[in-house]
Amino acid sequence: MIAKKVLLIGSFGVGKTSLVRRFVLNEFSENYISTIGVRISTKTVAIEDEEVKLMIWDVAGTSEEENVPKAYFLGSSAAMYVFDLSREETYLNLDKEIESIKNLSGLDEVIIVGNKRDLLSDDEIFEIRKIVPVTIDFITSAKENANVEGAFNLLTQQSLK
Amino acid sequence: MRETTVDNKKDNRFEILKELLLTDDRQKFESLRDQFLEKDKIRENINPVVDEKIDDLKANFPEHFGDQITESIKVQIRESQDEVVEALYPIMGKLVKKFIIAEITKLTESINQTINDKFSLTQILKRLFKGKRTDADDVLQEVFEPVIEEVFVIGEKTGLLIGSYSRGNIADKDMVSGMLTAIKSFAEDAFKKEGQDLEDIKFETFQLSMVNYNSIYIATATSGVITSEFKEELSDNLNTLAEKILRDRTYLNDEDKLNKLIEDILILD
């Protein structure tokens with residue numbers, strides 16, 4: 001079995017941990033747990049006749065102010081950046097954040113995920129797509145289990161590249 | 001008809017007279033006899049029941065009266081503590097004294113044995129060659145022998161587990177490897193010591209040591225008293241293990257092969 005380190009990055013409270021919980025445990029907890037530093041989860045995924053053990057590093061933040069050790073980003077095979085569709089401050093500087101992650105991790109691509117779609121209408125999401133400076137790969141809801149599997153499947157595929 | 005000498009009329013009269021005079025006595029006699037016979041009857045009926053009750057009491061006395069007796073003993077002890085202490089003290093005192101004497105005897109024997117061992121010619125000669133190790137080290141080593149509990153060979157940057165040995169039963173070694181790597185990175189980053197690495201984490205009876213090599217690091221969890229001699233030996237063995245892994249990179253992709261190597265070098269050696 002292949003083992004791959006993958007990153008899940010994004011500001012506090014965007015729902016990274018809920019996405020992981022939904023993907024790994026297939027459940028959603030209403031209790032909000034603020035992530036401090038990093039949380040590691042594992043999940044074995046079968047993809048293209050290959051079993052991949054994902055080591056998901058759920059990292060809180062990227063910027064210098066958030067003081068995340070740079071070593072967290074090293075050695076990863078793929079990364080997913082999560083922002084909160086309902087909080088503008090989590091996606092306004094998205095292009096800079098993505099650039100920073102690419103520099104820290106050495107990765108060429110980062111999957112962009114807008115989470116908490118259950119809090120917005122389709123029109124509002126359409127408007128956000130226009131504002132966000134990069135292409136959003138997935139619009140997810142950990143609460144309603146929407147698109148979570150798809151986002152992680154793409155993450156797994158990218159880790160095998 | 002010939003007349004007899006017996007005067008029948010006279011005899012009947014006597015009988016009638018007897019009847020008249022003794023009627024009361026006879027009735028009393030009858031009554032007494034009935035009462036006597038009645039008692040025998042009652043005894044016959046009651047005796048088995050009484051016997052049964054007595055047997056039951058003999059067999060189940062604690063159940064019937066245990067609580068009441070316990071309670072009354074408790075009350076008695078509470079109300080007469082001085083008397084109880086006075087009664088028990090000689091017995092308890094003797095027991096305590098006996099126990100202490102036995103333990104002191106054992107300790108004396110142990111001290112004598114240790115002194116004899118330490119000052120034997122063989123030991124004196126050994127001590128001449130052993131360097132800085134003290135007698136205290138020897139005693140500690142004998143009592144709390146250090147044991148390698150877990151070994152993890154981990155990718156330095158990825159935090160991925162490459163190989164391991166476990167004496168216990170860790171549920172998710174991959175997760176442990178990842179978290180160890182994160183803690184290591186966090187500590188190194190937090191204290192901002194360029195080029196310095198987190199080497200040891202101690203918790204209760206465990207010591208977790210991490211040694212960095214090129215692209216991998218090896219974490220060992222050890223229990224017991226870790227002497228400098230054990231540490232040196234472990235360090236040598238870890239270096240040997242790392243050298244073998246880095247010389248033959250096939251170990252990095254073959255977990256079973258690496259696990260065997262870890263066991264051969266660190267555990268069985």
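User: Let's start with strand pairing. In which sense do β4(A) and strand β5 (residues 111-115) of chain A pair?

Analyst: This is a predicted model, and in it β4(A) and β5(A) pair in the parallel sense, over five bridges. To find your place, look for D84(A), which stands opposite N115(A) in β5(A). The chain gets from β4(A) to β5(A) through helix α2 (residues 94-105) of chain A, and this β-α-β crossover is right-handed.

User: And how many bridges join strand β1 (residues 2-10) of chain A to β4(A)?

Analyst: Four, and these strands run parallel too. I9(A) has Y81(A) in β4(A) as its bridge partner.

User: What should I look for in the side chains of a strand?

Analyst: In a regular strand, side chains alternate between the two faces of the sheet. Now try strand β4 (residues 78-84) of chain A: A78(A), M80(A), V82(A) and D84(A) lie on one side, A79(A), Y81(A) and F83(A) on the other, and all are buried, so both faces are covered. With seven of its seven residues buried, β4(A) is largely enclosed by the rest of the structure.

User: How does that sit within chain A as a whole?

Analyst: Chain A has four helices and six strands, in the order β-α-β-β-β-α-β-α-β-α along the sequence. Buried residues make up 52% of its 161 residues.

User: On to helices. Which residues of α4(A) are buried?

Analyst: The general idea is that an α-helix has 3.6 residues a turn, so residues three or four places apart point the same way. In α4(A), the buried ones are V148(A), A151(A), F152(A), L155(A), T156(A), Q158(A) and S159(A). They cover an arc of only 165 degrees around the axis, which puts them on the same side of α4(A).

User: What span should helix α2 (residues 61-79) of chain B have?

Analyst: At 1.5 Å a residue, its 19 residues should span 27 Å; the end C-alpha atoms are 25 Å apart, which agrees. Still, look along the axis as well: α2(B) has a kink of about 40 degrees, centred on D67(B).

User: What do the buried residues of α6(B) pack against?

Analyst: Elements from both chains: β2 (38-47) and β3 (50-60) of chain A, together with β1 (147-155), β2 (161-166), β4 (206-212) and β5 (216-223) of chain B. Among the buried residues of α6(B) are D174(B), L180(B) and A187(B).

Technical notes:
Residues numbered from 1 in each chain as written. Chains lettered and ligands numbered in written order. Predicted model: local features only at pLDDT ≥ 70, side-chain atom pairs only at ≥ 80, totals over all residues. Heavy atoms only, no water. Buried < 20%, exposed > 50% of the residue type's maximum accessible area, 1.4 Å probe, protein only. Helix = DSSP H or I, 4+ residues; strand = E, 2+ residues; numbered from the N terminus. Arc of directions from axis to C-beta. Expected span 1.5 Å × (residues − 1). Bend = angle between axes of the 7 residues up to and from the residue. Contact = heavy atoms within 4.5 Å. Pairing = 2+ DSSP bridges. Right-handed = clockwise from strand over helix to strand, strands pointing away.
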